[in-house]
Amino acid sequence: MSRFIDLTLNGISNGMIYAAVALSLVLIWRGTRIINFAQGGMLMITTFIASSVIGSTGSYWVGFVVALLSGLVLGAAVERILVRGLEGRPPLNAVIATLGLLIFLQAVAGMIWGGTPRSFPPAFSIRGYEVSGRHVLFGPFDTFTVLAVLGMAGALALLFRGTGLGLQMRAAAFDPLSARLQGVRVTRMYTVGWALAALSGSLAGLLVAPAVFVGPNTFDSILVFAFTAAVLGGLDSPVGAVIGGLVLGLSLSYVSGYAGSSLVTLAALAILVAVLMVRPEGLFAVTRTRRI
Amino acid sequence: MTLLRNLAVTLALALGLLIVSLALTPFNNLRLASIAYYFVALAGLTMLTGLNGQISLGHGALMAVGAYTVAILVGRDGWALVPALVAATVVTALVGSLLGVVAARLRGPYLAGATLAFAVGLPGLADRYPHAFGGENGLIIPPPTPPSGLGSAFPLERWEAWIACVAALIAFLALSNLQHSRVGRVMRAVRDDEVAAQLSGLDVARIQIVAFVVSAACAGLAGGTLAVVTQLAAPGAFTLALSLSLLTGIVLGGLGSLTGALWGAIVLVMLPVWSDDIANHFSLSNDVQSNLPLALYGIVLMGVIVAAPEGIQGALRRLGRRLGLRPSMSHKEEGA
């Protein structure tokens, strides 16, 4: 029983990290209809920046804030420089372009910081809370992880639902032409969307780095699982991304704990296929009938 | 008529490849072999993605199925090469049909997600069943022996290049006929407008599954050939990076055309070589030097997609039209 509780708690905190990255994929998909395969590379860069800043200033929180801000800047820059040129092209081209960006970012990180993964400090202790004389697999840092991701998701929801900027962004995503006619600066909304998505991704990078270390390739699997989570939830649904992340985090934690870690990726595949067979556009898709 | 023409082209290509392989050094013959098996995989994938409009991020894993089939049949059970390659093609086609059934229900990013999970998940089997699949180290295959009639000094690399080139020619002949057959037309119809295809009485799901089977068969043959040439089937050769570079190859070369697949195969094999050469040209620190090829690769990918979205074949065709070398083609994606 205590093992089950441990695996559940561990699954929740992993799931929250998947959720944060999934959220960034969903934001970009909703805005620009692109799957951003470079997201893993972008959050890798911002986490490296955080690592350097923490190393030179000695303050975790300065590094934390700098990473989030550089996420914003990097997201906006990628949209301006690369994504803008892909507008109106076949969707496959955007896939290749973001793959190219991923490869490029990994190479740049290797040039600047080298290929050997380095450790990254957690914001709070990773030692589990003591419950009736036993340390559970959930500590202050996991609490921080869950609260930070939920807080960011909440803030994004508020932004989209409650502010003029959010309304404009939704309009730009829903119907770019009409939005433009109504005076919405559609391209600027895309830039803001990419910036916010990259912010969400860089938060996830900071939260997962203590566990996976920081290296050019250490975040690859996070992107795969986050994409799986986003597809599970339905790519159009931010709520789906968070729940998809949780579902995947919990399932993979149970599989890893009870059946062995070598089955984790296969389990992710099995879960994804099972869900998609029943709901081809994810759990939280707005059902649009596609009669074929 | 198409069959005859394709046969003639195949024979001409065979002759050309024969001469090239006789002229090349052993090392370059290995590169020729790589280009050949990459071509098989890319040709299959470009049928699926270019002709039928389905994306797959999982073809690297399908190549692994072919490679392990050959490794088990040749390395452990002592089969001859040709039946083993045929078996690899059939087994992978069967796996592809399962994948196709799933894929027929999914569209766009959802299909990308499912095939991505397939690409990442399948190599996990090698770790899970180390007795059958050799774990991380994989399975070793004895090198193919050139027939004694070719003389004892015949280089192994040239023999491997011949094996791979024969596989490539077979794939080329089969696919160039398929492209212009009823099946090819129907696949294009489904790609262009599913609803219209459905209204015309076509069974859309079945055609999509057929497309998956065809392209999986090619991936299996490619993977089997790769295993023969490298004499190894190991999970490290079939990472997600392989699946992604296959997709990159067909788009860079020019989607939906077999010539484009050839360009893609050449780019995939030669680009790392060229960028290595460039990197070696400058005296740079170790970290920069070792990552420069990768950086150049990324820049080329982004640059080509933005500057020449139809890939190399599309750019050549546009150039040809501008120079007035060829009459403008009405079916621009149909060139073989």
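I began at A:A195, which touches A:L72, A:G75 and A:A76, leaving aside residues up to four places away in sequence. I call two residues in contact if their C-beta atoms, placed from the backbone, lie within 7 Å. This is a predicted model, where local features need pLDDT of at least 70, side-chain atom pairs count only at pLDDT 80 or more, and totals for chains, interfaces and linings use all residues. Residues are numbered from 1 along each chain as its sequence is written, and chains are lettered from A and ligands numbered from 1 in the order in which they are written.

**A:A195**

I placed A:A195 in helix 8 of chain A. Helices here are DSSP runs of H or I with at least four residues, strands are E runs of at least two, and both are numbered from the N terminus. Is A:A195 buried or exposed? A:A195 is buried, because 20 other C-beta atoms lie within 10 Å. The cut-offs, with C-beta atoms placed from the backbone, are 20 or more other C-beta atoms within 10 Å for buried, 12 or fewer for exposed, and in between for partly exposed. I also looked up A:A77: A:A195 and A:A77 are 118 residues apart in sequence, yet 8.2 Å apart in space, C-alpha to C-alpha.

**Helix pairs in chain A**

Two packed helices are described by the angle between their axes and the distance between the axes. The axes are lines fitted to C-alpha atoms, for helices over the stretch in contact, and the angles run from 0 to 180 degrees between N-to-C directions.

I took helix 6 (residues 164–174) and helix 8 (residues 186–212) of chain A. They pack at about 110°, with axes 9 Å apart. That angle makes helix 6 of chain A roughly perpendicular to helix 8 of chain A. The classes are roughly parallel under 35 degrees, roughly antiparallel over 145, roughly perpendicular from 65 to 115, and oblique for the rest. Helix 6 of chain A brings A:Q168, A:M169 and A:A172 to the contact, and helix 8 of chain A brings A:V186, A:M189, A:Y190, A:V192 and A:G193. By class I noted 6 nonpolar, 2 polar and no charged residues. Ala, Val, Leu, Ile, Met, Phe, Trp, Tyr, Cys and Pro count as nonpolar, Asp, Glu, Lys and Arg as charged, and the others, Gly among them, as polar.

Next came helix 10 (residues 238–259) and helix 11 (residues 264–278) of chain A. Their angle is about 135° and their axes are 9 Å apart. That makes helix 10 of chain A oblique to helix 11 of chain A. The crossing is right-handed. A crossing is right-handed if the near helix is turned clockwise from the far one by less than a right angle, and left-handed if anticlockwise. From helix 10 of chain A the contact uses A:L248, A:S251, A:L252, A:V255 and A:S256, and from helix 11 of chain A it uses A:V264, A:A267, A:A268 and A:I271. These residues divide into 7 nonpolar, 2 polar and no charged.

I then checked helix 1 (residues 2–32) of chain A against helix 10 of chain A. Their axes come within 6 Å and cross at roughly 145°. Helix 1 of chain A passes helix 10 of chain A in a right-handed crossing. This contact has 15 nonpolar, 10 polar and 1 charged residues.

**Positive phi in chain A**

Most residues other than glycine have a negative phi. I looked for exceptions. A:R33 has a positive phi near 55°. A:R33 sits in the loop between helix 1 and helix 2 (39–57) of chain A, and is partly exposed, with 13 other C-beta atoms within 10 Å. A:S132 has a positive phi near 40°. A:S132 lies in the loop between strand 1 (130–131) and strand 2 (134–135) of chain A, and is exposed, with 6 other C-beta atoms within 10 Å.

**Chain B**

I ended on helix 15 (residues 311–322) of chain B. Its buried residues are B:G311, B:I312, B:Q313, B:G314 and B:R317. Their cover includes helix 12 and helix 13 (258–281) of chain B. Just after helix 15 of chain B, B:G324 takes a positive phi of about 70°.
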